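Q: Hi, could you walk me through this one? I'd like to start with the overall picture and then go into the packing.

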Amino acid sequence: LYCRFSSLVMGCTESKELTAERIVEGLKAALDLAVRETVKQLGSAGGFNDNPALHISIPDTLGEVMDKCKSLPGIGGEVEDFEKKMNEAAEAAAGSCADIFSNALNQLNFQDAKSILEGADDAATKIFREVLGGELLEKFGPIVKDKMSELGVVSVFEKITDAFAAIP
């Protein structure tokens, strides 16, 4: 079973010796597959919007204000449209991050692999945060901004603020 899995993941043909290098290679291959599948899922229609665990709500104080605006005539539908478009922008941008994560996998070392294998369910996420640092936001931020503009998130927000400002 090990060699069969290894041949699929790492091209193993003969040796069954489990070295630190092979562990890291195998984990990188498994994580690369997981990243690509996750990105594919998130980047599809409804990847964020239809998944309660991943749905992006309007954050913080803005979310509180928007919740109160939902009941106002002429604004409520726009608030729901804003949140939907925000999630659609995340779905559209998600496909662009696979290479960012895959490139980060090349930076993993044995200690990282060990931490992921022995760690909690979110160990890989924590390692990615350490390895990528601000790079993910630096690379992914402009993509999200472009997708939000392309899908009209900003124009919907402006409709909401204009309607709110027009309330006597």
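A: Happy to, and here is a tour from the whole chain down to single residues.

Q: Great. What should I know before reading numbers?

A: This is a predicted model, where local features need pLDDT of at least 70, side-chain atom pairs count only at pLDDT 80 or more, and totals for chains, interfaces and linings use all residues. Numbering starts from 1 along each chain as its sequence is written, and side-chain values use heavy atoms, with hydrogens and water left out.

Q: How many helices and strands are there?

A: The chain has nine helices and zero strands. Both are DSSP runs numbered from the N terminus, with helices being H or I of at least four residues and strands being E of at least two.

Q: And what is the radius of gyration?

A: The chain has 21 Å, whereas a compact globule of 168 residues would have a value near 15 Å. That radius is taken over C-alpha atoms, and the globule rule is 2.2 Å times the number of residues to the power 0.38. The C-alpha trace spans about 75 × 25 × 25 Å along its principal axes.

Q: How much of the chain is buried?

A: Buried residues make up 31% of the 168 residues. Buried means under 20% relative accessible area, exposed over 50%, and partly exposed in between (1.4 Å probe, protein chains only).

Q: Now the packing. Which residues have the most contacts inside the largest nonpolar core?

A: They are Leu31, Cys97, Phe101, Leu108, Ile116, Phe128 and Leu132, in a core of 21 residues. Helix H2 (20–42), helix H5 (98–105), helix H6 (110–118) and helix H7 (123–132) each give two or more residues to this core. Apart from it lies another core, of eleven residues, including Ile58, Val79, Ala89 and Ile160. A nonpolar core here is a set of buried Ala, Val, Leu, Ile, Met, Phe, Trp, Tyr and Cys residues joined through side-chain atoms within 4.5 Å.

Q: What does Ile116 touch?

A: Ile116 is in contact with Leu27, Leu31, Leu108, Ala123, Ala124 and Ile127, leaving aside neighbours within four places in sequence. Contact means heavy atoms within 4.5 Å.

Q: How do H6 and H7 pack?

A: Their axes are 8 Å apart, at an angle of about 150 degrees. That makes H6 roughly antiparallel to H7. On the H6 side the contact uses Asp112, Ser115 and Ile116, and on the H7 side Ala123, Ala124 and Ile127. By type, these residues divide into four nonpolar, one polar and one charged.

Q: How does H5 sit against H7?

A: The two axes come within 10 Å and cross at roughly 90 degrees, and H5 and H7 are therefore roughly perpendicular to each other. Ile100, Phe101, Ala104 and Leu105 of H5 meet Phe128, Val131 and Leu132 of H7. That contact has seven nonpolar residues, no polar and no charged.

Q: Switching to loops, where is Leu72?

A: Leu72 is in the loop between H3 and H4, and counts as partly exposed at 28% relative accessibility. Leu72 touches Phe164 and Ile167, not counting residues up to four places away in sequence. Leu72 and Phe164 are 92 residues apart in sequence and 8.7 Å apart in space, C-alpha to C-alpha.

Q: What about Asp121, buried or exposed?

A: Asp121 counts as exposed, at 86% relative accessibility, and is found in the loop between H6 and H7.

Q: Last one: what's the phi of Asp60?

A: Asp60 has a positive phi of about 50 degrees although it is not a glycine. Most residues other than glycine have a negative phi. Asp60 lies in helix H3 (residues 60–69) and counts as exposed, at 68% relative accessibility.

Definitions and conventions
Axes fitted to C-alpha atoms, helices over the stretch in contact; angles between N-to-C directions. Parallel < 35°, antiparallel > 145°, perpendicular 65-115°, else oblique. Nonpolar A, V, L, I, M, F, W, Y, C, P; charged D, E, K, R; others polar.
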